[in-house]
Amino acid sequence: MSSSTLDAPALERLVAAAVAAPSLHNTQPWRFRLDTDTRTVHIHAAADRALCHTDPVGRAVHLSVGCVVLNVRVAAARFGWEPVTRLLPCPQRPALLATVRLAESVRGAPSTGWYEAVWRRHSSRFPFSGRPLPPDLLAELTDAAHLEGATLRFPGRDDTDRVLRATREAEWRNRADADRAAESRRLVSGPHSPSLGLPSAALGPQDALDRMPMRDFGAHRHPDVLPARAFETRPTLAVLSTAHDRRTDWLRAGQALERVLLLATRHGVRASLLHQAMEWPDLRRVLDGLPADGPRVHTQMVIRFGYGPEGPASPRRPVEEVMEADV
């Protein structure tokens, strides 16, 4: 049942849906403020949640906030509002990444299933069955990214191998980098809020054949922490990219990413994010050039799709921890 009244329970549901979005290492690098006069949700980057070694330029923060924006749009439509979005609305306030004004809805009933998928979506870092996704679904996922101004491409076998090599190299570098490894470990086992970071059960195993480069979050493959299992031999990977690489492109890519992930969730498809190569500029450029005969793009995320276990969800901060006082 939808309601266009912006009362406290409605605002709480809206923000709770927003924070269900994915973020690098589940840092949840966002905070919210509501302008009650204009009924506008202001979405800020949270500087204290940034990963200064893994994400020094803040690109991953922008992608995460883009995912938040898409969730706000989905929830707004579900509750009977028309979301009016602005990206980077105030150059003098660089931490203000987006606003979403909740206008009275003039459209028909929203599509069913999107809002429900917000709550069911989470990453699964476990082995998938290897069963291929139907061609119609691949086309639908591609169209979903295009709706948000991004490109989703499913590489062929040779390019998939190149993506895996670049991701594996990035994972090796991350393990060898003491600062990045320590940053990852803090979000798994270090002193932080129980609503942040990743529970050990959500990490998943490592690939016993060392083919699928799953992030080990600084565990360095200790068998008591990350056991080894066999992963799918021919994974279904998708590369999400944009034509440009500005901050607005990062935010649009985040919205595209979340739309794709929600659509996959609606179809019972699991997903995990292979972000490692995005964290090293030279390896990211390798992915930018795939395929060799295609246009030069800017890779924003590698997504692994498949059928398999849901895996446990990571915690989220309660609404009162991410909301600021009204302006």
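Select Glu171 and Gln276: the side chain of Glu171 makes a polar contact with the side chain of Gln276 (3.2 Å). A polar contact is a pair of N or O atoms within 3.5 Å, in which, within protein, one must be able to donate a hydrogen and the other to accept it; residues adjacent in sequence count only if both atoms are side-chain atoms.

The model on the screen is predicted: local features need pLDDT of at least 70, side-chain atom pairs count only at pLDDT 80 or more, and totals for chains, interfaces and linings use all residues. Residues are numbered from 1 along each chain as its sequence is written, and side-chain values use heavy atoms, with hydrogens and water left out.

Keep Glu171 selected and display its contacts, where contact means heavy atoms within 4.5 Å. Leaving aside residues up to four places away in sequence, Glu171 touches Met214, Arg215, Asp216 and Gln276. Is Glu171 buried or exposed? Its relative accessible area is 2%, so Glu171 is buried. The term buried means under 20% relative accessible area, exposed means over 50%, and partly exposed lies in between (1.4 Å probe, protein chains only).

Now extend the selection to helix 5 (residues 157-176), in which Glu171 lies. Helices (H or I, at least four residues) and strands (E, at least two) are DSSP runs, numbered from the N terminus. Helix 5 has 20 residues and reaches 29 Å from its first C-alpha to its last, close to the 28 Å expected at 1.5 Å a residue. The expected span is 1.5 Å times one less than the number of residues. Among the buried residues of helix 5 are Asp159, Val163, Ala170 and Asn174.

**Helix 4**

Select residues 135-147 next. These are the 13 residues of helix 4, which should span 18 Å at 1.5 Å a residue; the end C-alpha atoms are 19 Å apart, which agrees. Which residues of helix 4 are buried? They are Leu137, Leu141, Ala144 and Ala145. Viewed down the axis of helix 4, the buried residues fall within an arc of 95°, so they line one face of the helix. The arc is that of the directions from the helix axis to the C-beta atoms. An α-helix has 3.6 residues a turn, so residues three or four places apart point the same way.

Just after helix 4, Gly149 takes a positive phi of about 85°.

Move to helix 8 (residues 281-288), and colour the buried residues Leu283, Arg284, Leu287 and Asp288. Down the axis of helix 8, these buried residues fall within an arc of 155°, so they line one face of the helix. They pack against helix 2 (59-78), helix 5, helix 7 and strand 10.

Asp245 lies in the loop between strand 8 and helix 7 and Arg284 in helix 8, so the pair ties together parts that are 39 residues apart in sequence. At 27% relative accessibility Asp245 counts as partly exposed, whereas Arg284, at 10%, counts as buried.

**Further salt bridges**

A salt bridge is a side-chain nitrogen of Lys or Arg within 4 Å of a carboxyl oxygen of Asp or Glu; by this rule the count comes to 21. Select Arg39 and Glu104, whose side chains meet in one of them (3.1 Å, N to O). Arg39 lies in the loop between strand 1 (30-35) and strand 2 (40-45) and Glu104 in strand 4 (residues 96-104), so the pair ties together parts that are 65 residues apart in sequence. Arg31, Arg33 and Glu324 are linked in a network of salt bridges.

**The nonpolar cores**

Finish with the largest nonpolar core. Such a core is a set of buried Ala, Val, Leu, Ile, Met, Phe, Trp, Tyr and Cys residues joined through side-chain atoms within 4.5 Å. Of the 63 residues in the largest core, Phe32, Ile43, Leu141, Leu240, Ile303 and Phe305 touch the most other members. Helix 2 gives the most to this core, with eleven residues. A second, separate core of 17 residues includes Ala170, Leu237, Leu283 and Val302.
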